[in-house]
Amino acid sequence: MKRLRVLLGDDHVLILKGIKGLLESHYEVIGSEENGKALVETALQLKPDLVVLDISMPILNGIDAANEIKKALPSVKFVFLTMHSNAIYLRKALEAGALGYVLKSGAAEELLTAIEQVRKGNVYVTPDFGQDLVEIARGWREHRGRSPSELTGRQRHILQLLAEGKQNKEIAEIEGISVRTVEFHRSRVLTKLGAHSLAELTRFAIQEGLIDGRA
């Protein structure tokens, strides 16, 4: 059987090394990236069979990164390896097309099993989630107020960067647009979400899983 070509994404170098060490005797680990934007670019260049990625990554979170990769490379499979045991993150991962969801605390025992199940086209969700919670996560559509799902891809990226504390000039450089365009999108995000402050934008970003709210 052809060796599975796997790309890794996590913002912690030590975790990337650990995952690589766990997987490289079974699969061909073709690369790794520490932020979601770079992960998308590398995936489009290397065309992996499967991506193992975290949800919380800087510049572009894992959920949006998976969505972008999936649009360009629909055959790629995804396994999320994360610390998030909250149903909202599981729901978002499944909506992004993930077939695997493993908690980092159980990576040594579960990751290889998850990858093999996903390779066969099956869904693997860590047993730490009860079946009832899995069903809730799959079907959960309840949102308060307007949802960031109404935002364009560019606006979602800007929302994440704002919530990460980036200034307009930094965002303009990351996105490759003018500061005036950033200001326009920032205004549109505020209007669409009915928000009036950066604190409210940050709350929306946490609720949607765009950034890690535990810090």
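**Basis of the description**

Helices (H or I, at least four residues) and strands (E, at least two) are DSSP runs, numbered from the N terminus. By this assignment, Q117 lies in helix α5, and the protein as a whole has ten helices and six strands.

The model is predicted, so local features need pLDDT of at least 70 and side-chain atom pairs count only at pLDDT 80 or more, whereas totals for chains, interfaces and linings use all residues. Residues are numbered from 1 along each chain as its sequence is written, and side-chain values use heavy atoms, with hydrogens and water left out.

**Overall features**

Of the 215 residues of the protein, 48% count as buried; buried means under 20% relative accessible area, exposed over 50%, and partly exposed in between (1.4 Å probe, protein chains only). The accessible surface amounts to about 10,500 Å², and carbon and sulfur atoms contribute 51% of this area. Accessible areas come from the Shrake-Rupley method with a 1.4 Å probe; for residues, only the protein chains shown count as cover.

A contact means heavy atoms within 4.5 Å. Among contacts in the protein with a separation of 6 or more, 61% are between residues 24 or more positions apart.

Helix α1 spans residues 13-23, and its buried residues are L16, I19 and L23. Seen down the axis of α1, these residues fall within an arc of 65°, so they line one face of the helix; the arc is that of the directions from the helix axis to the C-beta atoms. L14 and K17, on the other side of α1, are exposed. The cover over the buried residues of α1 includes β1, β2, β3, β4 (77-82) and α5 (107-119).

In helix α2 (residues 36-46), the buried residues are G36, A38, L39, V40, T42 and A43. They pack against β1 (5-9), β2 (28-33), β3 (50-53) and α3 (62-72). At the N-terminal end, N35 caps α2, with a side-chain oxygen 3.0 Å from the backbone nitrogen of K37.

**Loops with positive phi**

Most residues other than glycine have a negative phi. I59, which is not a glycine, has a positive phi of about 70°; I59 is found in the loop between β3 and α3.

With a relative accessibility of 4%, D54 counts as buried. Its side chain is joined to that of T82 by a polar contact of 3.3 Å. A polar contact is a pair of N or O atoms within 3.5 Å; within protein, one must be able to donate a hydrogen and the other to accept it, and residues adjacent in sequence count only if both atoms are side-chain atoms. Leaving aside residues up to four places away in sequence, D54 touches G9, D10, D11, G62, F80, L81, T82, M83 and K104.

Q117 is partly exposed, with a relative accessible area of 26%. Not counting residues up to four places away in sequence, Q117 touches N122 and Y124. Q117 and G100 are 17 residues apart in sequence and 8.1 Å apart in space, C-alpha to C-alpha.
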